[in-house]
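Subject: A structure for you to look at

Hi there,

Here is the structure I promised to pass on, followed by some notes on what turned up in it.

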Amino acid sequence: MAKVHKVYEPEFREMVVRLVLEESRTIKSVNEEYSLGEGTVRSWIKRFEEECASDPEKQDQKKLYEENRLLRQQLAEAKKEIDFLKKAAAFFAKEIV
């Protein structure tokens, strides 16, 4: 029996690549969520990185993905620190009274 090769829209492929590169999603979780074959997302990321090497617009897009990923990480870390400080302030406020 012949293997059926499914064709995905370029917008869908771009969205999946963005999920991995910008939102730090794992390839495995994206594969499971969208029922993609093993290696599919990996090949899309590889193709995107190859396009980035030759296309300045794609390079800028990749830089934006990386910057957004870093900003998301910094925001998450800042939120954790704020939550910790709130708990510490509440603890010390109890001690003072």
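Let's start where helix 1 and helix 2 touch: F12, M15, V16, L19 and V20 in helix 1 meet I27, V30 and Y34 in helix 2. Contact here means heavy atoms within 4.5 Å, and helices are DSSP runs (H or I, at least four residues), numbered from the N terminus. The residues of this contact divide into 8 nonpolar, no polar and no charged. In that count, Ala, Val, Leu, Ile, Met, Phe, Trp, Tyr, Cys and Pro are nonpolar, Asp, Glu, Lys and Arg are charged, and the others, Gly among them, are polar.

A word on the source before going further. This is a predicted model, in which local features need pLDDT of at least 70 and side-chain atom pairs count only at pLDDT 80 or more, while totals for chains, interfaces and linings use all residues. Residues are numbered from 1 along each chain as its sequence is written, and side-chain values use heavy atoms, with hydrogens and water left out.

Back to the pair of helices. Two packed helices are described by the angle between their axes and the distance between the axes. For helix 1 and helix 2, the axes come within 9 Å and cross at roughly 140 degrees. The axes are lines fitted to C-alpha atoms, for helices over the stretch in contact, and the angles run from 0 to 180 degrees between N-to-C directions. The crossing of helix 1 with helix 2 is right-handed; a crossing is right-handed if the near helix is turned clockwise from the far one by less than a right angle, and left-handed if anticlockwise.

Helix 1 itself has 12 residues, and its first and last C-alpha atoms are 16 Å apart, close to the 16 Å expected at 1.5 Å a residue. That expected span is 1.5 Å times one less than the number of residues. Its buried residues are V16, V17, L19, V20 and L21, and they pack against helix 2, helix 3 and helix 4. Buried means under 20% relative accessible area, exposed over 50%, and partly exposed in between (1.4 Å probe, protein chains only).

I27 is buried, at 19% relative accessible area. Between I27 and V41 there are 14 residues in sequence, and 6.6 Å in space from C-alpha to C-alpha.

Helix 3 covers residues 40–54, and its 15 residues reach 22 Å from the first C-alpha to the last, close to the 21 Å expected. T40, V41, W44, I45, F48 and C52 are its buried residues. They cover an arc of only 135 degrees around the axis, which puts them on the same side of helix 3; the arc is that of the directions from the helix axis to the C-beta atoms. An α-helix has 3.6 residues a turn, so residues three or four places apart point the same way. The cover over the buried residues of helix 3 includes helix 1 (10–21), helix 2 (27–34) and helix 4 (56–96). On the face turned away from the buried side sit the exposed residues R42, K46, A53 and S54. One of them, K46, has a relative accessible area of 53%. E51, also in helix 3, is partly exposed at 33%.

Helix 4 has 41 residues, which should span 60 Å, and its end C-alpha atoms are 59 Å apart, in agreement. K58, Q61, Y65 and A88 are buried in it, and what covers them includes helix 1 and helix 3.

Finally, have a look at two serines in the loops. Most residues other than glycine have a negative phi. S24, in the loop between helix 1 and helix 2, has a positive phi of about 60 degrees, and S24 is partly exposed at 39% relative accessible area. S35, in the loop between helix 2 and helix 3, also has a positive phi, near 50 degrees, and S35 counts as exposed at 62%.

Enjoy exploring, and write back with any questions.

Best wishes
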